[in-house]
Amino acid sequence: MPNRYLVNFDSRELPQHEAEYLIIGGGIAGLFTAWAAAKTGARVTLLTKRTMAESNTDRAQGGIAVALGVQDSPELHMQDTLIAGAGLCDEDAVRILVNEGPARVKELIDMGACFDRTGEDLCFTREGCHSQHRILHAQGDATGAEILRALSQNVAALSSVEILENQYVVDLLVKDNVCYGVLALDQISGKFSIFRGRVVVLATGGSGRLYNYTTNPEVATADGIALAYRAGAAVMDMEFIQFHPTSLVLPDAPRFLISEAVRGEGAILRNSRGERFMPQYHGMAELAPRDIVSRAILSEMAKTGSNSVSLDLTHLDPDRIKERFPTITLTCAKYGLDITKDLIPVAPAAHYMMGGVKTDLWGETTIERLYSCGEASCMAVHGANRLASNSLLDGLVWGGRIVQAASRVLENPIPQRVEFSNSDLLPTPDINFLELRKQLQQIMGEKVGPLRTAQRLAEALAFFERWSYLSMYEVRDTFQMEVRNMLEVGGLITEAAMMRTESRGGHFRLDYPETAERWRRHILLKR
């Protein structure tokens, strides 16, 4: 069996830190969990891979979906979520999301999160597959940044919470299926430490950097899923990757997200001939589920031989657009685009993972005392295709539920200290990890992207098998650790995609284009 650690170490020779809650990740899921835990009087240590500002939360533009509008209800929100999820949502999980979500959002507002308002009334917009205007937003298109600001300020003010940045979590410390803590590397000092927690929470975010084109920040390298899988936890629904239909496509620009809310405000998609095409693909046109819009764009690109389509806002009120989307307006202006006058070139890019570390409805994984929430987790609340703007709500709801569930763990006697060590790994081989990472991202983009076939997936699996021998070797630094985690999770995504011989939600097989009733089930993978 492959070694379950990335480095050789002995916990008895390393500095030790202890907390009641040990939370890994500083996005919305990790911060809300820390806040909720501290409010119970618990001691909390929160570790972030880099700084608090670097997470998918910070990049969330569109908003947070919540049934707080006069015309809306949790039941309508649930119906829309189930439709988008293409038959694979856990209905109990969705019911929890839509019913507990409003209270969590009100707590955010009480913390000082400033959502956009008209007078005293909250402003709601609409996004793809939503039947109602239920998307709360802040500063136009900077919702995630505003939520992060409010949460960070509130958590930092709590004396019982210790926030440690630039701590790269290398591996989980698990014995007899119980998690005791983590091995972490301080990226400033270069020193390893042991962090112990009576409750350990993975809130490590996404996996978009596995792909050559993504809307995710540099930190989104699937670390949490890799950590859990190596430690023996089950992962689920790994084949379901959401590709956002509209990322900016310019030669010198990163794949910047052009929010779905832009289409919610009336923008339309045109192919390179200037033709509007979405009404031909779905009755909801530009507001169809993301997987349908992404495939339609790819189809039009193939028909016209173009590397993008265009998002057209030129028929909309310019002042309204600038006010509603200041971040997108300024970002596009940096590259010479006036979005009120010019068409925006866009194409799909990896955006969100529906799968992740399997949890129950309280966020507990298949390893005792190890919990997970946010994008790293999977309790099938998003099914095969996440409904737009449900992700931020997901992090809030399950961050709160974990604290409710974990209270029983803290009532138990403090367990006896368990030590951990590993000495089996060989010295790091002399290979080019930067080139390996580029190859991996290219393979994932070409073979395990929005359109899949058995041949493409087999070629990707062969690539991951070719590099599987690296599990026998130690790594030298955090870059190599990231690449190893990306190899681990890329292989899991590809394996699950090969197994699922149908098309459903974010998983589309050109060789199995139909949805099959017998595949209304989940794929679990475990070492």
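**View 1. Arginines over tyrosine rings.** In this predicted model, Arg369 places its charged end over the ring of Tyr180, 5.0 Å from the ring's centre. Look next at Tyr213: Arg255 lies over its face, at 4.0 Å from the ring centre.

**View 2. An aromatic pair in helix α1.** Searching the whole structure turns up eight aromatic pairs. One of them joins Phe32 and Trp35, whose ring centres are 5.5 Å apart with planes at 40°, so this pair is tilted. Both residues belong to helix α1 (residues 28–39), where their spacing of three residues separates them by about one helical turn. Phe32 counts as buried at 1% relative accessibility, and Trp35 is buried too, with a relative accessible area of 13%.

**View 3. A cluster of rings.** Ring pairs bring Trp467 into a cluster with Tyr469 and Tyr473. Tyr469 has 32% relative accessibility and counts as partly exposed.

**View 4. Helix α11, with its bend.** Follow α11 through residues 391–411 and you will find a bend of about 30° at Ala405. At 1.5 Å a residue, its 21 residues should span 30 Å, which agrees with the 31 Å between the end C-alpha atoms. Because 17 of those 21 residues are buried, α11 is largely enclosed by the rest of the structure.

**View 5. A three-stranded open sheet.** The strands pair antiparallel in the order β4-β8-β7. At the edges are β4 (64–65) and β7 (124–125), each pairing on one side only. Two bridges join β7 to β8 (residues 135–136), and Phe124 stands opposite Leu136 in β8.

Conventions:
Residues numbered from 1 in each chain as written. Predicted model: local features only at pLDDT ≥ 70, side-chain atom pairs only at ≥ 80, totals over all residues. Heavy atoms only, no water. Pairing = 2+ DSSP bridges. Helix = DSSP H or I, 4+ residues; strand = E, 2+ residues; numbered from the N terminus. Expected span 1.5 Å × (residues − 1). Bend = angle between axes of the 7 residues up to and from the residue. Buried < 20%, exposed > 50% of the residue type's maximum accessible area, 1.4 Å probe, protein only. Phe/Tyr/Trp six-rings, centres within 6.5 Å; stacked < 30°, edge-to-face > 60°. Lys NZ or Arg CZ within 6 Å of the ring centre and 35° of its normal.
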